[in-house]
There are 2 protein chains.
Amino acid sequence: MRDFSTDHSALALNTATLGHNLDGHGAGWPVERVIDACAERGFGGIVFWRREIGDRAIEIGNRARKAGLTVAGLCRSPFLVGPMAPRPSSALRDDFQASIDMAAGLGTSILTIVVGGVEPESRGVEDSLKRVAERVAEAAPYAAQRGVGLALEPLNPVYAGNRSCLVTVRDAIDLCEAIDAANVGIAVDVYHVWWDTSLARELRRAGKYRILGYHLCDWLADTRDVLLDRGMMGDGVADLKALRAAVEAAGYRGFCEVEVFSAENWWKRDPAQVLDACVERFRSVC
Amino acid sequence: MRDFSTDHSALALNTATLGHNLDGHGAGWPVERVIDACAERGFGGIVFWRREIGDRAIEIGNRARKAGLTVAGLCRSPFLVGPMAPRPSSALRDDFQASIDMAAGLGTSILTIVVGGVEPESRGVEDSLKRVAERVAEAAPYAAQRGVGLALEPLNPVYAGNRSCLVTVRDAIDLCEAIDAANVGIAVDVYHVWWDTSLARELRRAGKYRILGYHLCDWLADTRDVLLDRGMMGDGVADLKALRAAVEAAGYRGFCEVEVFSAENWWKRDPAQVLDACVERFRSVC
């Protein structure tokens, strides 16, 4: 297992950790200031959200690299199924392609996919997962052409109805196998998988080429809001060392991306202090 | 698969579906009135909560049977681990035994166990699950002596921090095998397991003697409160027919227990209407 206690070059910031600027949360720092603040502190990577990029993908990607950061990912594809997926399907296809184009413009090799919930008028997750497989398989060749990997992220089962019918690493790997494209893999997020006792076994089944991302935060024992009350690493009950050991035992050596949605706590703090906390916690408890 | 379209004698009411009388929810019907209203409508069973029983277990059990109902279960043991478990452990042991005694007094063969969350100062679910196994193994012989089966209920992973470090049927069966007592099994609740694509396979591994209960409700796509916003069967996205098929393919032939926590909807309605809805939905969509 990698030793981060004196080296946090594997640390990446997911900008959501500073509050989504457009939501009235966070300090409203412009993207450039976030880039510089991460670079000054020795982060190795940064992950953006589409809303922050607009039509400046190439410019922002270059800006990040010039500061010394790898653009480690883009959040995210549109929902591909479920009540919040764009309709009609041509609009979905266009938006999916636009997200791939933005990732390519930023110069990142990873677009995160949150698949969306259960399809209207259907029951259970299985039919919806089949449709996800079709839609990802359809987009994968274009993404490959543009140098973009598609990272299927299983979410906590609490979101299965409306945000992600994909809720386990097991199902995510099964999807990858069904899709069978070299540029389709999974993202593993502590918040979503910390409870899964089969995780290490399933990740070994995935193998290193399928694991495209590892996301850090913590699960607070008394989570008050399943969307916006994530914990900073060390403040919750996830076994962070064991989770990283499982990911690395499967061969993962990429970035560890801090992604803390925390409307009532971290998003209310000074972003500089939040970034300092990310570094300190990453070195000490992850 | 059993046909319930013209026969709902397998239907049981979990009294929480009418609102917990002591919480200011529901119509505040006394237990006797709930018993009579279920019997009049042809329910086959009823499941009580300890708070409703007090020191009248034998009396209430007899009253239910006289009305033609089986007492199909008692909710529930104290949390056995985690932040809300009784302390010290002697208090936990006493309360666990009191819940077993109450089940025996009611004349029910099933006590539901919600195991509790992650133990204070520990991380991840695995150490806590080991402690659960020890505590259930310790209580099982006494429960057997009193004719009571212990039904380990995995809860939705959203509760893993504070209410149940046991979150999958897979882990529940593993616990049963570790405990290895004939009167320890599992309860399968739609709300908690509907998203699990491995359910049918895991239930086959459990076998009929391990499945002590099957609980009905529905998962609303836009669940607003993970504790108190359950849906009535048919109003959500769980594949109820497929779930029951999986339980019955594993050999289960027991009661189907409706348990709908719904502070803002069903608990605000006339209990008579709620019971009628339970019967109608059970016959049509379960």
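Glu121(B) sits in the loop that runs between β4 (110–113) and α5 (126–145) of chain B. The model is a predicted one, and at this point its backbone takes a positive phi of about 70°, although Glu121(B) is not a glycine. The residue is exposed, with a relative accessible area of 78%. Asp180(A) belongs to the loop between α6 (169–179) and β6 (184–189) of chain A, and its relative accessible area of 62% places it among exposed residues.

Cis peptide bonds also deserve a look. In chain A, one such bond joins Arg87(A) to Pro88(A), with omega at about 0°. Pro88(A) is part of the loop between β3 (70–75) and α4 (89–106) of chain A. In chain B, the bond leading from Cys75(B) to Arg76(B) is cis, and its omega is near -5°. Arg76(B) is found in the loop that links β3 (70–75) and α4 (89–106) of chain B.

Turning to the overall build of chain A, ten helices and eight strands are present. The C-alpha trace spans about 45 × 40 × 35 Å along its principal axes. A compact globule of 286 residues would have a radius of gyration near 19 Å, so the 18 Å of chain A agrees with that expectation. Of these 286 residues, 61% count as buried. Among contacts in chain A with a separation of 6 or more, 78% come from residues 24 or more positions apart. The accessible surface of the chain is about 10,500 Å², and carbon and sulfur atoms account for 48% of that area. An unreviewed UniProt entry places the feature "domain: Xylose isomerase-like TIM barrel" at residues 35–271 of chain A. Over this stretch the chain is 39% helix and 14% strand, with the end C-alpha atoms 12 Å apart.

In soluble globular proteins, nonpolar side chains tend to be buried together. The largest nonpolar core here has 200 residues, and the members touching the most others are Leu150(A), Leu152(A) and Trp194(A), together with Leu150(B), Leu152(B) and Trp194(B). Leaving aside residues up to four places away in sequence, Trp194(B) touches residues of both chains: Val118(A), Gly124(A), Val125(A), Ala160(A) and Gly161(A) on one side, and Trp219(B), Val237(B), Ala238(B) and Leu243(B) on the other.

The contact between the chains draws 31 residues from chain A and 31 residues from chain B. About 2,500 Å² is buried between them, with 58% of this area given by carbon and sulfur atoms. On the chain B side, Arg123(B), Trp195(B) and Thr197(B) lose the most area to chain A, together 24% of what that side buries.

An α-helix has 3.6 residues a turn, so residues three or four places apart point the same way. Just after α9(B), Gly251(B) adopts a positive phi of about 110°.

Terms used
Residues numbered from 1 in each chain as written. Chains lettered and ligands numbered in written order. Predicted model: local features only at pLDDT ≥ 70, side-chain atom pairs only at ≥ 80, totals over all residues. Heavy atoms only, no water. UniProt positions renumbered as here; feature names shortened; annotations may be inferred. Helix = DSSP H or I, 4+ residues; strand = E, 2+ residues; numbered from the N terminus. Core = buried A, V, L, I, M, F, W, Y, C linked by side-chain atoms within 4.5 Å. Buried < 20%, exposed > 50% of the residue type's maximum accessible area, 1.4 Å probe, protein only. Contact = heavy atoms within 4.5 Å. Rg over C-alpha atoms; globule rule 2.2 N^0.38 Å. Areas by Shrake-Rupley, 256 points an atom, 1.4 Å probe, with all protein chains shown as cover. Buried area = accessible area lost by both parts, 1.4 Å probe.
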